[in-house]
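Have a look at the structure first, and then we'll walk through the pairs.

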Amino acid sequence: WMLTKLYRWQMTRGNIVGIIIGVLPGAGASLGSFAAYTLEKRFFDRRHTFGTGDPRGVSAPEAGNTGAAGGALLPMLPRGAPGSGTTASGLMAISPA
């Protein structure tokens with residue numbers, strides 16, 4: 001839990017980026033992860049330690065991956081249009097026969 005508190009802002013930013021990417025139809029979780037990593041590296045890597053094992057370079061993309069999965073649910077719930085293949089399977093599972 002100590003690391004969670006230490007890197008909470010990186011995870012928050014990554015999650016927000018992931019949700020925004022996840023809402024786009026067909027974008028997928030890998031694009032959310034890549035966008036979160038790019039944002040962290042471009043704007044918040046002041047010590048130039050990304051790519052050398054810095055935990056900030058792992059926490060933001062993982063949060064972006066998770067946020068994209070949740071963001072893909074947003075277009076599905078009101079309109080019934082799934083945002084990814086995973087949510088399409090979920091929609092198929094909950095739809096009446």
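Which residues are linked in a network of salt bridges? They are Asp45, Asp54 and Arg56. A salt bridge here is a side-chain nitrogen of Lys or Arg within 4 Å of a carboxyl oxygen of Asp or Glu. A search of the whole structure turns up three of them.

This is a predicted model, where local features need pLDDT of at least 70, side-chain atom pairs count only at pLDDT 80 or more, and totals for chains, interfaces and linings use all residues. Residues are numbered from 1 along each chain as its sequence is written, and side-chain values use heavy atoms, leaving out hydrogens and water.

**The network**
- Arg56 pairs with Asp54, at 2.6 Å from N to O.
- Arg56 also forms a salt bridge with Asp45, and their closest N and O atoms are 3.5 Å apart.
- Arg56 sits in helix H4 (residues 56-71) and Asp45 in the loop between H3 and H4, so this pair ties together parts 11 residues apart in sequence. Helices are DSSP runs of H or I with at least four residues, numbered from the N terminus.

- Arg13 and Glu40 meet through their side chains in a salt bridge of 2.7 Å, N to O.
- Arg13 belongs to helix H2 (residues 8-23) and Glu40 to helix H3 (residues 29-44), so the pair ties together parts that are 27 residues apart in sequence.

- Buried means under 20% relative accessible area, exposed over 50%, and partly exposed in between (1.4 Å probe, protein chains only).
- Glu40 is buried at 0%, while Arg13 is partly exposed at 23%.
- Arg56 is buried at 8%, and Asp54 is buried at 12%.
- Asp45 is buried too.

Notes
Helices (H or I, at least four residues) and strands (E, at least two) are DSSP runs, numbered from the N terminus.
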